Amino acid sequence: MTDVIDAVLGERAEGVRELRQQRPAVVAHTQGVYDALLDGPGAASVGRERLIAAAVAVAELAGAPELAAHYAGLGTAPAQGDPVLAAILRHAALVTSTPAAATRADIDALAAAGLSADDIVTVAQLIGFVHFQVRLLAGLTLIGAGHE
Amino acid sequence: MSEQSVRSAESAAASRDGEPGSEVRSVESGRRPGGFTQEQLDWVPWVEPIRLADADARQAPLLEGDRGVGPYFRVLARNPEVLAHRSGNDREIFYGRAGLGRAERELAATVTSRHNGCEYCASVHSRFTTALSKRGDDVQRLLDEGNGVRIDERWDAIIDFVDALAANPPRAGHAHIERLRRLGLTDTDIHDLVLSAASFSWANRLMLTLGEPEVPQAD
């Protein structure tokens with residue numbers, strides 16, 4: 001079974017396949033989060049293309065161009081000048097680089113842009129999950145490189 | 001319009017702030033933690049948690065037992081499909097059988113939380129690390145001095161690798177992996193460290209941005 005982590009690892013996936021399969025529940029739930037984030041009811045409410053654009057931005061800011069390219073390949077870019085997307089991207093950059101600097105006013109700014117409480121949780125999970133993927137991909141790449 | 005009413009209008013969609021029963025509020029300065037601690041902290045949400053009584057058929061199973069008491073999981077239950085898989089992932093990463101010992105998985109969660117500045121997450125997972133390792137003094141030094149602390153060969157190698165992986169962008173390199181291998185960690189062990197650091201690179205960003213820690217009221 002190929003999942004998104006394998007797909008982004010590409011040729012490096014084979015070297016860590018057995019290792020990943022030692023925790024099959026992690027493989028399954030990691031893909032489950034991805035599917036729920038992009039195809040669940042929460043995605044429809046925020047706008048799938050906005051979530052994808054945010055994932056591209058977070059992956060780029062986290063130094064993961066291959067993951068960013070994966071997300072960029074999923075769909076069409078949202079319209080330029082979308083104020084909701086602008087608010088999401090501003091928030092994503094803050095949470096990526098200086099999460100401890102976030103304040104209640106940053107959540108209020110998302111609400112003021114038109115996101116519901118449910119939407120704000122979906123956006124927060126999307127940002128957090130991309131950071132999970134970035135570290136998992138970096139770690140698997142390092143472990144796999146030692147056995148070439 | 002007063003500053004207070006502007007703020008209420010802006011947060012209307014995210015909370016029932018000011019309405020009866022709202023759990024959203026700002027923590028008074030005197031109740032903010034003074035630094036990293038192994039003491040119990042509370043967490044106050046900036047996004048309104050669902051009420052347990054309002055949980056639907058997708059949400060209710062995610063909020064059984066302790067999970068329905070505090071506000072954190074009731075906030076995340078606003079996207080129940082994501083929370084269900086996230087919780088399943090974390091259960092395996094921290095409680096799954098075989099692999100790295102539980103104490104060092106919790107150590108990696110503490111180191112990641114220390115890196116990101118999440119006092120709430122660090123308090124919970126430093127307590128777990130202490131309970132599992134019986135090394136409360138070493139854990140406290142980590143909290144006090146930060147990830148540059150020097151403890152012993154094995155913990156230093158773990159701390160350095162996890163701190164580098166938690167950095168944004170990650171700066172972990174081959175030298176970190178080689179050092180862990182020389183100390184006897186298997187690829188399975190290192191994979192478990194990676195999963196713990198990855199999980200908390202995510203969890204810290206939820207706890208730091210959807211609410212804030214509070215020192216509980218003295219009894």
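The model is a predicted one, so please read every value below as computed from predicted atoms.

## Chain A at a glance

Let's start with the overall build of chain A. Its secondary structure consists of nine helices and zero strands, and the order from the N terminus is simply α-α-α-α-α-α-α-α-α. With a radius of gyration of 16 Å against the 15 Å that the globule rule gives for 148 residues, chain A is as compact as a globular protein of that length. The C-alpha trace of chain A spans about 50 × 30 × 25 Å along its principal axes.

How much of chain A is buried? Of its 148 residues, 57% count as buried, where the cut-off is a relative accessible area under 20%. Contacts in chain A with a separation of 6 or more can also be sorted by sequence distance: 71% of them join residues 24 or more positions apart.

## The largest pocket

The largest pocket has a volume of about 900 Å³. Its lining counts 29 residues, and the closest to the pocket centre are Tyr72(B), Phe73(B), Tyr120(B), Val124(B) and His125(B). Five elements of chain B give two or more residues each to this lining: β1 (42–45), α2 (71–76), α3 (80–95), α5 (119–133) and α9 (187–209).

Which element provides the largest share of the lining of the largest pocket? That is α5(B), with seven residues. By class, the lining of the largest pocket holds 16 nonpolar, five polar and eight charged residues.

## The second largest pocket

Next comes the second largest pocket, with a volume of about 260 Å³. Its lining is made of 17 residues, and those nearest the centre are Gly63(A), Val134(A), Leu137(A), Ala138(A) and Thr141(A). The elements of chain A that contribute two or more residues here are α1 (4–9), α6 (65–72) and α9 (117–145).

Helix α9(A) gives the largest share of the lining of the second largest pocket, namely five residues. The classes in this lining come to 13 nonpolar, two polar and two charged residues.

## An enclosed cavity

Rolling a probe the size of a water molecule over the atoms shows where empty space is left. How many cavities of 30 Å³ or more does the structure hold? There is one, and the largest cavity contains about 30 Å³ of space.

Residues of both chains line the largest cavity: Arg20(A), Arg23(A), Val26(A), Val27(A) and Leu136(A), together with His191(B). Sorted by class, this lining has three nonpolar residues, one polar residue and two charged residues.

## A closer look at Asn204(B)

Asn204(B) sits in helix α9 of chain B. Is Asn204(B) buried or exposed? Its relative accessible area is 0%, so Asn204(B) is buried.

Leaving aside residues up to four places away in sequence, Asn204(B) touches Thr112(B), Ser113(B), Asn116(B), Cys118(B) and Cys121(B).

Conventions: Residues are numbered from 1 along each chain as its sequence is written. Chains are lettered from A and ligands numbered from 1 in the order in which they are written. This is a predicted model: local features need pLDDT of at least 70, side-chain atom pairs count only at pLDDT 80 or more; totals for chains, interfaces and linings use all residues. Side-chain values use heavy atoms; hydrogens and water are left out. On a 1 Å grid over the protein atoms alone, a cavity is a set of points where a 1.4 Å probe fits but cannot get out, and a pocket is an open set with protein on both sides within 12 Å along at least five of seven lines; lining residues have an atom within 4 Å of a point. Grid points are joined across faces, edges and corners, and a volume is the space filled by probe spheres set on the points. Helices (H or I, at least four residues) and strands (E, at least two) are DSSP runs, numbered from the N terminus. Ala, Val, Leu, Ile, Met, Phe, Trp, Tyr, Cys and Pro count as nonpolar, Asp, Glu, Lys and Arg as charged, and the others, Gly among them, as polar. The radius of gyration is taken over C-alpha atoms; the globule rule is 2.2 Å times the number of residues to the power 0.38. Buried means under 20% relative accessible area, exposed over 50%, partly exposed in between (1.4 Å probe, protein chains only). Contact means heavy atoms within 4.5 Å.
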